[in-house]
Amino acid sequence: MRMPTFSEMAEELHRDGVARDVSFQPENYAGNVLALANYMQVFFPTETLVRLALLLLGAIHAFFKAKQFGDEAYRRYTFMTMMLRKNKHLHALPPCIKTVLGGVFVLCGASGTGKSSFIRQFMARLPGPFQLDASSMAAMPGLSGVFVFPCVRLDYPKCGSAKGLVRAMREYFSAHIDSIRLVEDKHSDAVSLPDMLASDPVNAAITACISLNVGMLIVDGAGIQNSNYRSTEVLSVLTQIHEQSGMPVMLSCTAAFLKSIEHNETLYANLTNHKTVNLELLETPQPPPQPDSQGVVDPDYDVTRHMCKTWWCSGLLPKDTPMPTGLEYLVEKIAMGNQRFYAQAFAAIHEELLDNVTNDEADPNRHVFNTAFLTDEENTRGFIEAAMFASAGARAALQSALDLAHERIKAVPESVINFVDYFPMSLIQIPAIAAWVTPAVDKRRGRLK
């Protein structure tokens with residue numbers, strides 16, 4: 001329950017592409033390749049995401065602190081809810097919970113801007129689900145065996161229905177409760193939560209969240225393929241869970257999805273009137289400014305350049321190996337501001353560097369990474385794009401949208417609609433593109449006019 005400082009949270013969210021205790025092995029090429037296998041998991045948050053993490057954690061803390069077991073109204077409310085079986089109705093929120101209402105968050109950004117990576121790292125710093133031990137609850141024996149789920153993350157349901165979301169929630173609860181009981185060597189009957197399979201399972205989902213002390217619910221991965229006539233019911237469940245349990249919730253979605261539900265005015269307002277964070281593409285790296293009077297240049301003067309240097313240092317290279325001049329500009333032309341594409345490009349660079357290691361003439365036991373070949377723009381672009389062949393369609397669509405935004409072209413091919421999830425809100429707002437994600441135009445996803 002301790003709130004970390006800004007720098008502590010930034011460090012906790014950071015993840016290196018190669019584990020810090022792993023270094024280059026001169027005689028083990030296969031081992032070096034294996035060490036880079038998880039490079040794409042690299043994540044280093046921007047200030048915006050660090051602030052969001054602090055807000056999310058603060059919301060979880062505030063919600064748990066509001067659960068005042070010394071308050072008769074709350075104690076009666078929580079035990080009545082825990083004993084509720086048929087879920088025909090919900091109990092009114094006690095005053096102590098009503099004071100924390102307001103924790104609705106939306107994390108919006110194009111595919112590849114790090115939303116899921118951020119959630120993964122945020123979840124990793126939280127404790128997993130646990131059960132209160134009887135020995136530590138001697139003063140309140142009635143609480144012995146109570147479960148606590150600090151944070152629950154669910155994928156946006158593939159079936160696109162509220163039932164699918166609640167079913168996924170039920171599976172999450174059952175799996176973790178059975179796992180906790182198994183670890184603690186307790187009798188583990190299957191946790192069925194049958195009411196969450198009912199025809200109208202919303203009340204059952206809310207009751208389960210209250211009974212199992214869920215601190216926050218995160219629904220991740222909403223994209224344009226999820227935007228149809230049923231998306232309203234899924235998002236309504238999300239807001240109902242918040243309003244009727246007091247629990248903070250967060251939706252992570254693409255800009256295309258958020259734009260596509262804009263016509264649902266009340267629902268859209270309920271989701272976005274609280275804290276909404278929009279992640280745009282990284283900007284083009286800027287040239288270094290003039291040094292100050294002491295000859296110092298702020299290392300963070302340019303976010304994109306700073307992130308490129310972090311990607312560069314996240315492989316098997318010695319940390320003091322300088323990045324070739326201008327490499328960030330070449331990668332930017334290929335990645336176009338998308339962080340996933342940047343990571344793919346630098347992953348290809350690090351793998352190529354394994355084939356360019358020589359022995360130091362002065363010290364045969366020391367190995368030197370030859371980075372000079374990276375200054376050959378044609379060759380470097382060639383092997384990077386060869387490694388990124390699977391994203392060629394998405395990158396071509398993003399380039400078309402950027403060209404449209406800069407008025408280099410007047411229209412983009414309709415096939416680009418398949419990749420609108422890769423467009424940030426600044427591109428989605430362009431009328432020609434916005435028309436593709438509005439209900440009146442796209443009938444193929446079954447939405448009503």
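User: Buried means under 20% relative accessible area, exposed over 50%, and partly exposed in between, using a 1.4 Å probe and protein chains only. Where does that put Asp-220, buried or exposed?

Analyst: Asp-220 is buried, at a relative accessible area of 3%. Keep in mind this is a predicted model, where local features need pLDDT of at least 70 and side-chain atom pairs count only at pLDDT 80 or more, while totals for chains, interfaces and linings use all residues. Residues are numbered from 1 along each chain as its sequence is written, and side-chain values use heavy atoms, leaving out hydrogens and water.

User: OK, and what does Asp-220 meet in a salt bridge?

Analyst: Arg-153, at 3.3 Å from N to O. Asp-220 sits in strand β5 (residues 217–222) and Arg-153 in strand β4 (residues 152–155), so the pair links distant parts of the chain, 67 residues apart. Strands here are DSSP runs of E, at least two residues, and helices are runs of H or I, at least four, all numbered from the N terminus. Arg-153 is partly exposed, with a relative accessible area of 27%.

User: How many salt bridges are there in the whole structure?

Analyst: A search finds 13, each being a side-chain nitrogen of Lys or Arg within 4 Å of a carboxyl oxygen of Asp or Glu.

User: What about Arg-305, which residue does it pair with?

Analyst: Glu-328, with the closest N and O atoms 2.3 Å apart. Arg-305 is in helix α12 (residues 303–312) and Glu-328 in helix α13 (residues 327–335), so this pair ties together parts 23 residues apart in sequence. Both Arg-305 and Glu-328 are buried.

User: Which residues get joined into one network?

Analyst: Glu-11, Asp-16 and Arg-20, through salt bridges that share partners. In the Arg-20 to Asp-16 bridge, the closest N and O atoms are 2.5 Å apart. Arg-20 is exposed, at 61% relative accessible area.

User: Switching to helices. At what angle do α13 and α15 pack?

Analyst: About 45 degrees, with the axes 11 Å apart; α15 covers residues 377–387. The axes are lines fitted to C-alpha atoms over the stretch in contact, and angles run from 0 to 180 degrees between N-to-C directions.

User: Which residues of α13 and α15 make the contact?

Analyst: From α13, Leu-327, Leu-330, Lys-333 and Ile-334; from α15, Glu-377, Thr-380, Arg-381, Ile-384 and Glu-385. Contact means heavy atoms within 4.5 Å.
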